[in-house]
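Here are some questions and answers on one structure. Look at the sequence and the model before reading on.

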Amino acid sequence: MEASCMSSPVTTDAAGAVRVDDDAAGLSKPLLANGKEKKGAVKASERYWVDVDQPDVASAADLEGGSGRPLLFRNRRVKNILLYPYRALTVIRLIAVIFFITWRIKHNKSDVMWFWVTSIVGDVWFGLSWLSYQLPKFNPIKRVPDLATLRQHYDLPDGSSHLPGIDVIVTTASPINEPILYTMNCVLSVLAADYHIDRYTCYLSDDSGSLIVYEALVETAKFAAIWVPFCRKHRIEPRAPESYFESEESVMVYRGRPQQELMSDYKHVRAQYEEFKVYLDKLPNSIQQRSDVYNGMETKGGHAKATWMANGTQWSGTWIDPIENHRTGHHAGIVQIVQEHPKHMAQQSIGNPLNVDDADLLLPMLVYVSREKSPHYDHNKKAGALNAQLRISALLSNAPFIINFDCDHYINNSQALRAAVCFMLDQREGENTAFVQFPQRFENVDPTDRYGNHNRVFFDCAMYGLNGLQGPTYLGTGCMFRRVSLYGIDPPCWRPDDIIVDTSKFGNSVPFLKSVLTAIKQERYVTPPPLDELFLSEMIAVVSSSYDKETEWGRSVGYIYNIATEDIVTGFRIHGQGWRSMYGTLLEREAFVGTAPINLTERLHQIVRWSGGSLEMVFSHNNPFFAGPRLQWLQRVSYINFTVYPITSLFILMYALCPVMWLLPREIFIQKPFATYVLYLIAIIVMIQTIGLFEIKWAGIRWLDWWRNEQLFMIGSTSAYPVAVMHMVVKLLLRKGIYFRVTTKQAVVDMDDKFAELYELRWVPMMIPAIVVLFSNILAIGVAIGKFILYIGTWSAVQQRNAALGLMFNMWVTMLLYPFAQAVIGRWGKRPGILYILLPIAYVAIALMYLCIHAFLVHFLPSMVI
Ligand SMILES: O=c1ccn([C@@H]2O[C@H](COP(=O)(O)OP(=O)(O)O[C@H]3O[C@H](CO)[C@@H](O)[C@H](O)[C@H]3O)[C@@H](O)[C@H]2O)c(=O)[nH]1
Ligand SMILES: [Mn+2]
């Protein structure tokens, strides 16, 4: 199977352009166009994976008749040659840790007893948290969707389809912090996805209620009328124009159609795209100017300056000059159908510059929604926004499946929606699958990934581990849900006969309640009803700020409220009900791609939010310890680890400050005999690194990915995690939650340096402990060198060995904090390797200073006193 995936019918012409013959490739692999893959080569990430035997497919024969469900994905597991030693190492390390802790307790000798006791507690904690991190990875499973079989069974020869409906939700919260160009690119990638246009709908949730976003969306629909046919005609990837045009290879890959045709279409579409971008850029100004004109005409006394829509009516959302009822956090609910459902639409009469079939000109329905905001209610941020979309979409399209995207992510593989559906419709676990999560990939990260944004250890190790259990956690974006699972309904295997659908649970919209019943009974596609006044007012009602108050929304229904990480908790609640989830892998091309904050300050804020949210879970009714019996035990262990891990930082912080002891005149040992202690530590650390090596192999990641993960954990442990712990304590005392700060998405400003953001550091108080640890380490190493020079002749062999071992520990801490040190030197960090010069200079300078001070105290001071 591996080989057949890779031997793509790709040919290269004289000019180096790549032609992909799709017919030969077969529909299962229409995406093998990157041309980089060597013929017959096995992709690095697949080297250590083999297919698990498929169940007897004989039963699938009667599928032809239309009964039953086909097998729509295949499972892969790690090859035994890697898996067995990997498991064995885990066991060996566990034994070593037990030996270590027993040894320490037996030898309770230390210079500072309270420190010894704390460190024993710390070591036990480390051991347990490592175990809860490691155990759930004992059987990693990869699942690869079979798109060809899906086509075979669900796409009909006449061009229609049996595919289930999907409601796609894109969320944005601010046209300033979240550049509209990204958001619109996301929308475009959705509109251009390979899915039946009358089977899916795109909803844009705008929490800013801004006219800019709305008008940008209207313009996006216009541009989509050119962009989408272009994508379909030339089967281009990715279908987010910004990324597509950025890639130098874009005109070099052509499929079926002659390259000249692609070239000329490309030029045309690109020119249109540039115009589109200019239009978006000018939007704030043109809206302002238009509003000035209208306001100028309304001169009846000093009224507030309204913001006007293009059709000459006042915008009911936020205004440029904000006033009551028209400002952020206080405005009416808005629902606008930007693009009608294709069934309701007369054939489009736009020009057809690309010469494509008329059918290819049609687009799916596109809806703009801004829920009502009122200062009297808590809006529950992203979770609240998603729940409002859940209700609106229930009324309009009520698709059985829902997928949501953060505005800075987009569909990178046009087959991704189909891929997700494969898992949902599969014969085996399909019916009990609540959600299908895909890994998050990022495209704006600096090449060495200084702040571990790619997070491959998480996405490519931990998640595959869970995939072999009950399934991955929900990660906030790029995840397809089964609608009924979000409604708090049990999976079929646990479902009672009578399901209560009432207003106390779902709120008091009768059409919505009806839609819930429909959703439970039949998971079929619904064509939106005609949009009359009554219906419109019903839609506004379900997005009102008070709708979900005194209901189960945010508790047992929908995305969960009152927590900084709605994603993990929402997934957790669903798992707790006995549903399972799937982690999808697309071998040829990543499903979704997004952006990540590459600036340390933003990154740390994000980490505070995640770790804070995790801790909040422990103290909420979503505590994994008390989840019901339907949560598998290893899955539970994993959730426990996810929720309590920030506490580890307290002990790490304590250890990381140990080097300060070098500054003391006397030798102090936390544990005696010191050498045995350090050797134990080294053994345990080496073992964890070896386990890491195995993970690197099976996950197909780079060593650097693993190392960055270690470093980021250290940086987090000396900054963000302790802050999260503090927040939690404060919350428990004062009952105030963590503030969900929308991550600022950088727009590239400096064209010469794409990664300029990397070198900008805004100081925030949470960096203080990290700075203290870093400097005390540098200071300690310097002083150690000084002491070494001073006492070289007088130290005994034992003392020398202890000093060397101690120093190794210091160096280790400094290496782990290295990216933080790079952040501290700011723009100087642009010079690669500058720290290799700066650090030794600092050490020597400190050593000299130490010697001077020592000489002053020992030689001059006494003589002066005399
Ligand atoms: O009041 C709000 C706040 C946020 N959002 C949207 O929520 C999304 C995520 O926000 P962002 O600040 O980009 O989050 P990240 O720091 O990237 O967060 C990650 O972590 C979050 C919390 O765990 C998840 O919700 C995200 O999906 C995940 O990408 C964005 O589309 C926002 O527009 C809203 O719609 N309304
Ligand atoms: Mn984000």
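Q: How far apart are the end C-alpha atoms of helix α12 (residues 456-467)?
A: The model is a predicted one. Helix α12 has 12 residues, and at 1.5 Å a residue these should span 16 Å.

Q: Is α12 largely enclosed by the rest of the structure or largely exposed?
A: A residue counts as buried if 20 or more other C-beta atoms lie within 10 Å of its own. Among the buried residues of α12 are Arg 456, Phe 459, Asp 460 and Tyr 464. Because 11 of the 12 residues of α12 are buried, the helix is largely enclosed by the rest of the structure.

Q: Which elements do the buried residues of α12 pack against?
A: Two of the partners are strands and the others are helices. The buried residues of α12 pack against β5 (141-145), β17 (580-583), α19 (633-644), α21 (674-699) and α22.

Q: What span should the 15 residues of helix α22 (residues 703-717) have?
A: The buried residues of α22 include Trp 706, Leu 712 and Ile 715. Its end C-alpha atoms are 21 Å apart.

Q: Which element gives the largest share of the shell around ligand 1?
A: Of the 21 residues around ligand 1, Lys 381 is one of those that come nearest. The elements that give two or more residues to this shell are β6 (166-172), α10 (381-396), α17 (566-576) and α18 (600-618). The largest share is three residues, and it comes from α10.

Methods
Residues are numbered from 1 along each chain as its sequence is written. Chains are lettered from A and ligands numbered from 1 in the order in which they are written. This is a predicted model: local features need pLDDT of at least 70, side-chain atom pairs count only at pLDDT 80 or more; totals for chains, interfaces and linings use all residues. A residue is near a molecule or strand if its C-beta atom, placed from the backbone, lies within 6 Å of it. Helices (H or I, at least four residues) and strands (E, at least two) are DSSP runs, numbered from the N terminus. The expected span of a helix is 1.5 Å times one less than its number of residues. Two residues are in contact if their C-beta atoms, placed from the backbone, lie within 7 Å.
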